[in-house]
Amino acid sequence: MNSHYRVVVIGGGVVGASVLYHLAKLGWTDVCLLERSVLTAGSSWHAAGGIHALNADPNIAALQAYTIDLLPEIEKESGQDIGLHMTGGLTMAGTPERWEWLQSAYRVFQSIGIEDCRLVTPKEAHDLCPIMTTDGFLGGLWADREGYIDTTGTVHAYAGAAKKRGASVFEHTKVESLDQTADGWRVTTNKGVIDCEHVVNAAGLWAKQVGRMAGIELPVSPLKHHYLISDTIPELEALDFEVPMTVDLEGFTYMRQDQKGLLLGIYEVDHEHWAMDGAPWDYGMELFQEQTDRIEKELILGFERYPALQEVGVKTWVNGAFTFSPDGNPLVGPVPGKRGYWSACAVMAGFLQGGGVGKSLAEWMIEGEPEADVYGMDVARYGAFAENREYIRQTTGQFYSRRFVMSYPNEQLPAGRPLKRAPAYSDMDAAGARWGQSWDLEVPLYFAPSAEFEENLTLKRSNAFDIVAEECRAVRDGVGLLDISAFSRYEVSGPGAEAWLDKMMASRLPGPGRARLAPMLASSGRLQGDLTLFNWGDGTYWIMGSYYLRTWHMRWFNDHLEDGVTIRDLGEEYCGFSLSGPKSADVLQKLVTNDLSPMPFMGCATFDVGLIRARVARLSVTGEAGYEINCRYGDHITLRRMLLDAGADEGIREVGFNALLSLRLEKSFGIWSAEFTQGYTAGMTGMDRWIAWDKGDFTGKAAALAERDGNGPAQRIVTLEIEDGDADATGYEPVWHKGDKVGFVTSGGYGHTIGTSLAMAMVNADVAAEGTALTTHIVGVERAARVIPPSPYDPAGKAMRG
């Protein structure tokens with residue numbers, strides 16, 4: 001063991017071994033892996049080893065597909081047998097709602113490039129899996145690329161291939177402490193001290209402790225998970241093929257063949273946490289006693305689904321621990337505020353996602369950004385609020401118990417809520433607000449007409465449809481009041497602020513008293529933000545964006561910060577309300593002494609709004625005339641009451657973000673995580689119209705110019721008008737042209753003002769022309785669609801500019 005390495009990877013499970021392999025594969029061979037026991041000790045050795053390509057997040061699905069393709073390669077490269085069995089897989093539905101969801105999911109999988117799957121009847125499913133009874137099933141989804149591997153062999157294959165490329169692996173080497181240095185990290189082990197530039201926490205069950213060694217509190221917790229392996233089953237012995245991986249969603253079980261027996265795994269509703277502060281250091285190859293009373297209900301359903309299990313014994317019980325994050329996705333990437341410290345934790349499906357995690361992290365470390373958009377597993381998608389032990393307990397438990405539970409797009413889950421509430425929350429709640437969650441914050445979705453109103457859970461339009469329609473009409477015809485606490489706000493100041501912003505943003509900077517839309521790019525030309533810049537005229541700027549990206553954006557800002565620049569996240573200091581609609585100026589004018597009429601569209605200034613000193617900007621995401629009024633947190637309650645009182649004669653109405661979704665679609669205004677992501681360029685999304693091509697250098701300029709002056713983007717965002725039905729697009733529905741898949745929906749909804757179902761979609765450039773006839777599948781049903789000009793409501797923007 002050397003005293004210095006470029007990278008030290010902590011943890012010898014499948015994720016750590018994959019990270020090591022990919023670092024070496026990309027050319028960094030001065031890297032080592034430290035394992036306190038032996039490779040696989042922890043969760044990897046007892047994992048069920050299932051692999052499948054299906055995932056609702058297209059970026060994670062792509063990484064899973066990469067892992068599946070990689071497995072035979074590392075087997076060949078290492079010479080280590082990984083026991084790969086590609087059996088295919090079935091996912092079965094036993095209720096009308098679930099079958100409808102599965103049909104919808106099938107189309108989503110098509111849209112994200114998973115072509116080797118198909119819907120099957122119960123009879124077809126039984127033919128594929130003869131030992132399964134199909135009683136109660138309505139249908140299923142078959143996928144070719146499913147199967148399982150030998151978990152121990154796979155970890156050793158990754159490690160062996162890494163060593164052949166020059167990396168080092170040290171077992172029985174326990175990390176005892178981590179100390180940040182000027183050049184990186186000092187890793188103290190039971191066998192000596194190592195200095196390194198980067199350290200990777202791939203410690204699995206021990207991720208919590210390895211995080212705490214560096215002063216980091218990762219939102220992870222182990223939970224216990226059961227599966228059993230049966231004795232030999234005569235019906236399996238009689239088959240000349242292996243039965244497929246099978247998931248019984250209503251039974252909470254998954255199944256695969258294990259030699260001539262069955263492996264039956266259970267995601268029980270009655271979950272159980274274990275060692276929330278991290279596993280004991282001497283734990284590794286142990287298992288817990290099976291808890292059949294805790295899994296009795298699911299166990300009975302499993303034995304009924306596979307009757308042959310009733311005739312044989314159980315050869316092996318496995319009750320082991322796996323580590324989960326609040327949403328079940330991995331925690332990957334550079335940890336904010338800890339330069340050189342990287343997370344590769346909470347990879348629940350390590351053998352399925354481990355290859356993609358290793359690839360992305362290695363690219364990130366070496367090249368500055370991963371090839372794929374990995375926000376769904378970025379460690380910076382959480383903030384400090386997720387360090388709370390009770391929050392972790394509730395959310396990880398909720399994810400585990402709902403692993404196979406039917407979910408709906410309009411469903412609001414309770415774990416970890418309510419947490420942060422805007423000061424006027426109680427007043428809005430009393431006024432009928434129904435709440436969603438953005439990051440840690442409760443946000444109003446709509447305002448119900450009575451306390452008794454309950455929204456029905458559905459894949460289609462809910463009984464809140466008419467309520468949202470009324471809120472949209474209030475904004476278009478009069479004035480709507482929206483709580484905008486769920487906007488992020490960052491203050492930039494200092495003598496270098498203007499020059500720094502000019503380099504960070506692709507747009508021209510706004511002059512004093514003005515605001516401007518500002519795309520922010522990575523060096524690759526891909527988006528890092530769809531932001532709004534405010535120049536308050538007093539030497540300070542604000543950047544405003546998506547609230548839930550606060551940690552993610554602050555990491556980016558701080559990683560690129562320069563001397564003479566100070567940036568502060570104002571998310572705990574400022575909140576506010578927006579007024580939108582043709583009567584918005586009339587309402588605000590009653591509360592300010594300034595004459596509002598000279599204030600230009602996209603202007604901003606500090607006003608006295610009644611008793612409140614507020615930062616006011618003349619703009620609106622609704623496409624109507626409007627104002628965003630930003631106040632201190634302590635002024636929020638008073639500001640709301642003043643605005644409601646001032647707007648009483650104008651028929652002011654409180655509205656929620658569901659109405660905003662409809663209103664912005666009618667203007668073809670994109671939003672982050674839908675039309676705008678770090679996987680897209682400015683040219684693909686239309687954000688290039690805000691780029692100041694003639695200004696000096698800025699981050700991403702060379703790449704953006706290359707796209708502009710080359711053949712242009714291969715895909716573009718368009719607006720679609722969709723044939724009406726009983727459901728609207730929500731995202732990732734496939735878009736077809738004459739039977740060929742040409743793109744997918746990025747977001748959708750109903751345009752209540754123009755009376756049309758709308759969507760925005762990323763489609764191939766050759767079908768992006770206005771008037772092109774297309775089709776899409778919404779909740780599994782094919783519907784006609786047509787590319788229409790952007791901004792179907794008020795295309796000239798006259799209402800917005802007043």
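This is a predicted model: local features need pLDDT of at least 70, side-chain atom pairs count only at pLDDT 80 or more; totals for chains, interfaces and linings use all residues.
A residue counts as buried under 20% relative accessible area, as exposed over 50%, and as partly exposed in between.

Start with asparagine 658. Its relative accessibility is 28%, so asparagine 658 counts as partly exposed. Asparagine 658 sits in helix 17, which covers residues 657-665. Beyond its neighbours within four places in sequence, asparagine 658 is in contact with Leu445, Tyr446 and Val468. Now look at alanine 464. Asparagine 658 and alanine 464 are 194 residues apart along the chain, yet their C-alpha atoms are separated by 9.6 Å.

The largest nonpolar core has 73 residues. Tyr446 is among the members that touch the most others, along with Val8, Leu34, Leu178, Val187, Tyr341 and Phe534. Take leucine 34 from that group. Neighbours within four places in sequence aside, leucine 34 is in contact with Met1, Val8, Val9, Ile10, Gly11 and Gly12, among others. Further contacts of leucine 34 include Phe170, Thr173, Val175, Val187, Thr189 and Ile194. There is also a second, separate core of 66 residues. Ala24, Trp28, Ala47 and Val247 are among its members.

Next comes the backbone. Most residues other than glycine have a negative phi, and most peptide bonds are trans. Some places here depart from that pattern.

Glutamine 259 has a positive phi of about 55°, although it is not a glycine. Glutamine 259 lies in the loop between strand 14 (253-258) and strand 15 (261-266). Is glutamine 259 buried or exposed? Its relative accessible area is 61%, so glutamine 259 is exposed.

Tryptophan 439 also has a positive phi, near 60°. Its loop runs between strand 19 (433-438) and strand 20 (441-447). Here the relative accessibility is 14%, so tryptophan 439 counts as buried.

The peptide bond between arginine 417 and proline 418 is cis, with omega about -15°. Proline 418 is in the loop between helix 10 (389-401) and helix 11 (425-430).

Strand 28 (residues 604-609) pairs with strand 29 (residues 612-617). The pairing is antiparallel and runs over 6 bridges. In one of them, phenylalanine 607 has alanine 614 of strand 29 as its bridge partner. The hairpin has 2 residues between the strands. Glycine 610 takes a positive phi near 60° in this hairpin. In a regular strand, the side chains alternate between the two faces of the sheet.

Technical notes
Residues are numbered from 1 along each chain as its sequence is written. Side-chain values use heavy atoms; hydrogens and water are left out. Two strands pair if DSSP finds at least two bridges between them. Helices (H or I, at least four residues) and strands (E, at least two) are DSSP runs, numbered from the N terminus. A nonpolar core is a set of buried Ala, Val, Leu, Ile, Met, Phe, Trp, Tyr and Cys residues joined through side-chain atoms within 4.5 Å. Buried means under 20% relative accessible area, exposed over 50%, partly exposed in between (1.4 Å probe, protein chains only). Contact means heavy atoms within 4.5 Å.
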